Each structure stands twice: as structure tokens, then as C-alpha cells.
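Please look over the sequence and the model below before reading on.

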Amino acid sequence: MGIEEMFRDCKTGGYDLEGTSLKGDRLIKMILLMTLAYSSGIFQGNEMRKKQVQKYVSRRKEPKKRYRRRSTFGVGLDGEKWVNYLEQYSDEVEQLMKLTPSKRRFYQQGMRAATLIQSIS
């Protein structure tokens with residue numbers, strides 16, 4: 001299962017390695033760079049799954065689908081983006097929370113998840 005996810009990430013789901021048309025040394029350098037970045041994303045995604053915060057970052061597997069919607073690599077990348085968006089729009093979110101105090105508990109759960117994700121990075 002993990003190998004299929006990796007192929008999807010390296011092809012259409014992420015890096016689009018086939019679309020680069022690189023050959024020789026340039027291809028080897030690109031693959032080496034992708035390996036380092038991919039490993040980092042995998043490590044972060046695994047940590048998010050261990051801490052059970054991936055549900056804040058991406059959708060889980062759909063009931064009728066056979067495979068997960070996002071790979072471990074995708075979860076790792078999306079976690080960083082999600083935390084950055086939270087920081088960028090924190091003032092707007094606070095204003096919205098004042099309008100709907102009944103959602104405060106969910107907001108606090110999300111902020112706790114963001115703190116755990118930041119500790120991973």
C-alpha cells in the first residue's frame with residue numbers, strides 16, 4: 001500500500017517527476033532532492049498520525065473508497081500549510097469565534113492540534 005502511495009506522490013499527486021523531462025545527472029539530483037523532501041514529509045505525517053491530529057489537516061478515507069484520500073506524505077505537507085493558515089488568519093478566526101461561542105470547544109481542540117503539529121516541525 002505504501003509503495004502505491006509513493007508512486008502517486010511522485011507522479012500526479014505531488015512532484016510530477018514524469019513531467020520534468022529530466023535526464024542523466026539532473027534527474028539523479030532531482031530524485032535525491034525529492035527523496036530528502038519526501039522523507040521529511042513522511043516523518044511529519046507519521047508523527048501527526050501518532051498524535052492523532054491528521055483529521056484536522058486532511059480528510060480521512062471515504063467509506064466507499066478502497067484507499068485513503070491523502071498519503072502520509074500529503075498529510076505531512078498539509079499539516080504545515082494548515083498551521084501557517086491558522087497563524088495568518090488568527091484575527092479573523094477570533095472575530096468569528098465571538099459570533100459563535102457555541103463552537104469555542106471545537107476551536108480549542110483545533111488550536112491544541114495546531115500546537116502539536118508545530119511541535120513536530
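The chain has 6 helices and 0 strands, where helices (H or I, at least four residues) and strands (E, at least two) are DSSP runs, numbered from the N terminus. Read along the sequence, this gives the pattern α-α-α-α-α-α. The model is a predicted one, in which local features need pLDDT of at least 70 and side-chain atom pairs count only at pLDDT 80 or more, while totals for chains, interfaces and linings use all residues. Residues are numbered from 1 along each chain as its sequence is written, and side-chain values use heavy atoms, with hydrogens and water left out.

**The chain as a whole**

- Of the 121 residues of the chain, 25% count as buried; buried means under 20% relative accessible area, exposed means over 50%, and partly exposed lies in between (1.4 Å probe, protein chains only).
- The accessible surface of the chain comes to about 9000 Å², and 55% of this surface belongs to carbon and sulfur atoms; such areas come from the Shrake-Rupley method with a 1.4 Å probe, and for residues only the protein chains shown count as cover.
- Among contacts (heavy atoms within 4.5 Å) between residues at least 6 apart in sequence, 61% join residues at least 24 apart.

**Helices H2 and H4**

- H2 and helix H4 (residues 72-88) pack with their axes 7 Å apart and at an angle of about 85°; the axes are lines fitted to C-alpha atoms, for helices over the stretch in contact, and the angles run from 0 to 180 degrees between N-to-C directions.
- The two helices H2 and H4 are therefore roughly perpendicular to each other, since angles under 35 degrees count as roughly parallel, over 145 as roughly antiparallel, 65 to 115 as roughly perpendicular and the rest as oblique.
- The residues that make this contact include Ala 37, Tyr 38, Gly 41 and Ile 42 of H2, and Phe 73, Val 75, Gly 76 and Gly 79 of H4.
- By class, the contact of H2 with H4 has 6 nonpolar, 7 polar and 2 charged residues; here Ala, Val, Leu, Ile, Met, Phe, Trp, Tyr, Cys and Pro count as nonpolar, Asp, Glu, Lys and Arg as charged, and the others, Gly among them, as polar.

- Glu 47 and Lys 50 are separated by about one helical turn, because they are 3 residues apart in helix H2 (residues 24-50).
- Glu 47 is partly exposed, with a relative accessible area of 29%, whereas Lys 50 counts as exposed at 62%.

**Two loop residues with positive phi**

- Most residues other than glycine have a negative phi.
- Ser 21, although not a glycine, has a positive phi of about 60°; Ser 21 lies in the loop between helix H1 (2-10) and H2 and is exposed, at 61% relative accessible area.
- Gln 52 is not a glycine either, and has a positive phi of about 60°; Gln 52 sits in the loop between H2 and helix H3 (54-57) and is exposed, at 60%.

**Contacts across the sequence**

- Tyr 56, found in helix H3, is partly exposed at 25% relative accessibility.
- Not counting residues up to four places away in sequence, Tyr 56 touches Trp 82, Gln 109, Gly 110 and Ala 113.
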